[in-house]
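Q: I'd like a close look at one part of this model, please. Start wherever you like, and then show me what else connects to it.

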Amino acid sequence: MQTDLTERDLDVAERILPRYVGAGPRYTSYPTVPVWQDAFPEAEHRRALARAGESGEISLYTHVPFCRSLCHFCACNRVITRDPALPERYLEAVDRELETTRAVMSHSPRCVQIHWGGGTPTHLEPAQIERLFRSTTDRFALAPGAEISIEVDPRVTREDHVATLADCGFNRISLGVQDTAPATQAAIHRIQPFEQTRALTIAARARGIERVSFDLIYGLPHQTEESFDRTLDAVLSLEPDRLALYAYAHVTWIAKQQRGFERSDLPGPRLRMRIMMRAIRRLTLAGYRYIGMDHFAKPADELSGALDAGTLRRNFMGYTTLDGVDVVAFGPSAISELPGTYVQAEKDLAGWGEVVTRDRLATHRGYVLSAEDARRRALIRAIMCQGEIRPDAFAARLGPDAARAIAQDVKSARPRLAPFVEDGLVELKDSGALRVTALGRLFLRQIAMIFDAHLGDASPGKPAIYSQTV
Ligand code: SF4
């Protein structure tokens, strides 16, 4: 992927920006969630689960939905509570869900990746973390060297949490930071002195959890280029292995509390783009590799290795490693990526719990991919992860027919790609290859949208589904 943005690119980006402002998917899946079928049949879920892990490896995701207070930018599925009874009931339910799921699976893959997200997984007490970890590893044998990672909120994660995580074997910790500026923190209802982030980073490393990631968000209220520079100064002082720099998604139809942000407090598309471009230049100068749309990793980090090996993956966790390994997910709203099938669990905590404690699968939404969907998914993933489409590279994985069809897809898209070529965002080759330029990296979502055969399906009667792409 090209990353060498110049001052001139900044000028060009600002000039062409109005042509690309609009809403669009983030392509954490293809087809995207709004296209999936509601009331997906549990029998279909069971069929896909029975085939999961055929490769001998599996990745497990667990959604822990609890948070102590609501961050006003947040559009995640979370339950704000201080009631200790809820996590207890959740742990009983997720244990049953693990048991039922394992019983449906006909293969016995080794678990090569565990990720706990939320919500706030460290809302659980250390003993509860240990219990959930045991519930998981009792059902799924861990492969040596498995990546075991967790998202943590520095405001609630204590030294004894870190000790327990280290004892369980967690080897990557991902800290929610978002922004360090007091005005932004006040507006988003997330007061987090940087000292908490620093102390937790130091504590994790001291306990042997070497791999540390930070999550930041640009496009939040009151952010300026200068204020975000100071956030970058602070986080770079701790030398994280990985940084995710997400675009704030203003999706008030999902996250009603976002309506509290005065529109005038939010940076517009031009400022958002300037903040992002400046961050890309600063982070690459600091030695990080720019991964996909919004991740940065040190050269020795696994994400950089996956980029080089062509195994970078884009899914609901953002960018991750181990493309081609099925993901089985647990907890309310969690999404599984099974052979040829996506499935999302029931979102409501009580509704999910009620189903799984009856030893059923809490199947909610899902989608079975057609051959064309699978081909377009490969193509869109190549754009989002590698920044290029080389039809010959698909021949080995998908067969010569699919590779030919992909070359044809690119050829058919030429008229719609023409403005992108003219603006210097994309280069096309006679072989059917497509390459995204360094400037084009800022418009990956819009380029991928050209190949999305379902965009029209997602929107009938629903004017607002996706966030702004810039
Ligand atoms: S941002 Fe994280 S801590 Fe804040 S409400 Fe959302 S899930 Fe909870």
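A: **Helix packing and the loops around it**

In helix α3, the residues P87, L91, V94, D95, L98, E99 and R102 meet Q128, R131, L132, S135, T136 and R139 of α4; a contact here is a pair of residues whose C-beta atoms, placed from the backbone, lie within 7 Å. This is a predicted model, in which local features need pLDDT of at least 70 and side-chain atom pairs count only at pLDDT 80 or more, while totals for chains, interfaces and linings use all residues. Residue numbers start from 1 along each chain as its sequence is written. The elements are DSSP runs numbered from the N terminus: helices are H or I with at least four residues, and strands are E with at least two.

Sorted by class, that contact of α3 with α4 has five nonpolar, three polar and five charged residues. Here Ala, Val, Leu, Ile, Met, Phe, Trp, Tyr, Cys and Pro count as nonpolar, Asp, Glu, Lys and Arg as charged, and the others, Gly among them, as polar. Two packed helices are described by the angle between their axes and the distance between the axes. For α3 (residues 85-104) and α4, the axes come within 9 Å and cross at roughly 5°, which makes α3 roughly parallel to α4. The axes are lines fitted to C-alpha atoms, for helices over the stretch in contact, and the angles run from 0 to 180 degrees between N-to-C directions. Angles under 35 degrees count as roughly parallel, over 145 as roughly antiparallel, 65 to 115 as roughly perpendicular, and the rest as oblique.

Let's step back along the chain from α4. The loop between β4 (110-118) and α4 (126-139) holds G119. G118 and G119 are joined by a cis peptide bond, with omega about 20°. That deserves a second glance, because most peptide bonds are trans. Both glycines also belong to the shell around the ligand, which is made up of C67, L70, C71, C74, C76, R78, G118, G119, T120, D153 and G176; a residue is near the ligand if its C-beta atom, placed from the backbone, lies within 6 Å of it. This shell divides into five nonpolar, four polar and two charged residues.

From G119 we can go to I380: the two are 261 residues apart in sequence and 28 Å apart in space, C-alpha to C-alpha. I380 sits in helix α12 (residues 371-386). Because I380 has 26 C-beta neighbours inside 10 Å, I380 counts as buried. The rule is that 20 or more other C-beta atoms within 10 Å make a residue buried, 12 or fewer make it exposed, and anything in between is partly exposed, with C-beta atoms placed from the backbone. Not counting residues up to four places away in sequence, I380 touches Y27, Y30, A448, F451 and D452.

Y30 brings us to another cis bond: the peptide bond from Y30 to P31 is cis, with omega near -10°. P31 lies in the loop between α1 (7-20) and α2 (42-51), and R26 is found in that loop as well. R26 has 21 other C-beta atoms within 10 Å, so R26 is buried. A448, a contact of I380, turns up here too: the C-alpha atoms of R26 and A448 are separated by 9.3 Å, although the two residues are 422 apart along the chain.

α1 and α9 (residues 269-285) pack at an angle of about 155°, with their axes 10 Å apart, so α1 is roughly antiparallel to α9. The contact uses L10, A13, E14 and L17 of α1 with P269, R270, M273 and M277 of α9. By class, this contact of α1 with α9 has six nonpolar, no polar and two charged residues.

Lastly, here are two backbone details elsewhere. E239, in the loop between α8 (225-236) and β8 (242-247), has phi near 50°, a positive value in a residue other than glycine. D359, in the loop between α11 (349-356) and β16 (363-368), also has a positive phi, of about 60°. E239 counts as exposed because it has 12 C-beta neighbours inside 10 Å, and D359 counts as exposed because it has 11.

Notes
Two residues are in contact if their C-beta atoms, placed from the backbone, lie within 7 Å.
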